[in-house]
Amino acid sequence: MLNTYQFRAYPNTGHEVFIAQHFGCTRKVYNHFLGKHEQAYKDSQKPWNFYEYKRELPALKEQFPFLKEINSQSLQAAVQNLDKAYKSFFARRAKYPRFKSKHHKQSFCVPQNTRVDFEQGLVFIPKLKTGIKCKFHRRFEGTIKQATITKTQNGEYYISITVEESDTAQKMQHTLDEAKAIGIDVGLLSFLTLSDGTKVDNPRWFKQSEKKLARLQRKLSKKIKGSKNRNKQRLKVAKQHQKVSNQRKDFQHKLSRKIVDDNQVSMIFVEDLNVRDMLKN
């Protein structure tokens, strides 16, 4: 069973330079093959071929020597991410892949050789001699399959570690007691309604911050593009958006914990609805 754990990272100045190189190089590979395929399809209706572009990666490293300075597996992962983006598009699960920008959220994947030291609070990745300091709010046991380092628009770093854990707990036989089951109905006016009639109001975090966000956005629109003051104001807007996102996550985690603790249930049923399409109507 695969589980992913996300931790806040605190890289030092040297780590930030190392991570920035990986962001730039993986973004270069992703955009290069995306542009190349778009041109090939435009010229001869050539379909997407993951293995063909993956074989071209060594030649691309010769063309751009700076790509050799980072983990080669991270470059391969960039091509795999593009392949996943195309598959999601063809399956109508996502929009057409877009070119990555250095001004948006940044990330790169480390498929192998990631180590964790819980005692010292460090994460070690290939080609980086010292570990990156992390705040481990929980521990895990199992085989680390991959790690993804992300930088948000407000400058925060996170490490998401995917771990293959024992599925012993999944194999345990539990007695299903219908008296200990509860159903959850997701709503638009109220956040959700439980099968026992309990309703939970939607806190609408974005609406609470709407006026402040509008004020910050107006100030941002008046700044000169490329100036330091504009970048400072951009960070303020990004931090406010991040605050709204954190409020939503905190509310959902605390609510799910409360539902389990208060009801002591063995089964939770949630309706399977396409909420995005419901909002359109």
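These notebook entries record what I looked up in one structure.

**Basis.** I worked with a predicted model, in which local features need pLDDT of at least 70 and side-chain atom pairs count only at pLDDT 80 or more, while totals for chains, interfaces and linings use all residues. Residues are numbered from 1 along each chain as its sequence is written, and side-chain values use heavy atoms, with hydrogens and water left out.

**Entry 1: helix 4 and what follows.** I took helices (H or I, at least four residues) and strands (E, at least two) as DSSP runs, numbered from the N terminus. Helix 4 has 19 residues and reaches 28 Å from its first C-alpha to its last. This is close to the 27 Å expected at 1.5 Å a residue, where the expected span is 1.5 Å times one less than the number of residues.

I then looked up burial, with buried meaning under 20% relative accessible area, exposed over 50%, and partly exposed in between (1.4 Å probe, protein chains only). The buried residues of helix 4 include Leu75, Val79, Leu82 and Tyr86. Their cover includes helix 1 (13-44), helix 2 (50-55), helix 3 (57-63) and strand 2.

Ala91 lies in the loop between helix 4 (72-90) and strand 2 (106-110). I noted Ala91 as partly exposed, because its relative accessibility is 40%. Arg92, which follows helix 4, has a positive phi, near 60°.

**Entry 2: helices 6 and 7.** Two packed helices are described by the angle between their axes and the distance between the axes. The axes of helix 6 (residues 205-222) and helix 7 (residues 228-263) come within 9 Å and cross at roughly 170°. Here axes are lines fitted to C-alpha atoms, for helices over the stretch in contact, and angles run from 0 to 180 degrees between N-to-C directions. Helix 6 is therefore roughly antiparallel to helix 7, a term for angles over 145 degrees.

Contact means heavy atoms within 4.5 Å. Among the residues making it are Trp205, Phe206 and Leu213 of helix 6 and Arg230, Val237 and Phe251 of helix 7.

**Entry 3: cysteines.** How many disulfides does the structure hold? I found zero disulfides, a disulfide being a pair of cysteine sulfur atoms within 2.5 Å. For Cys109, the nearest cysteine sulfur is that of Cys25, 15 Å away. Cys109 counts as buried because its relative accessibility is 9%. The sulfur of Cys134 is 15 Å from the closest cysteine sulfur, in Cys109, which is too far for a bond. Cys134, at 8% relative accessibility, also counts as buried.

Key:
Parallel < 35°, antiparallel > 145°, perpendicular 65-115°, else oblique.
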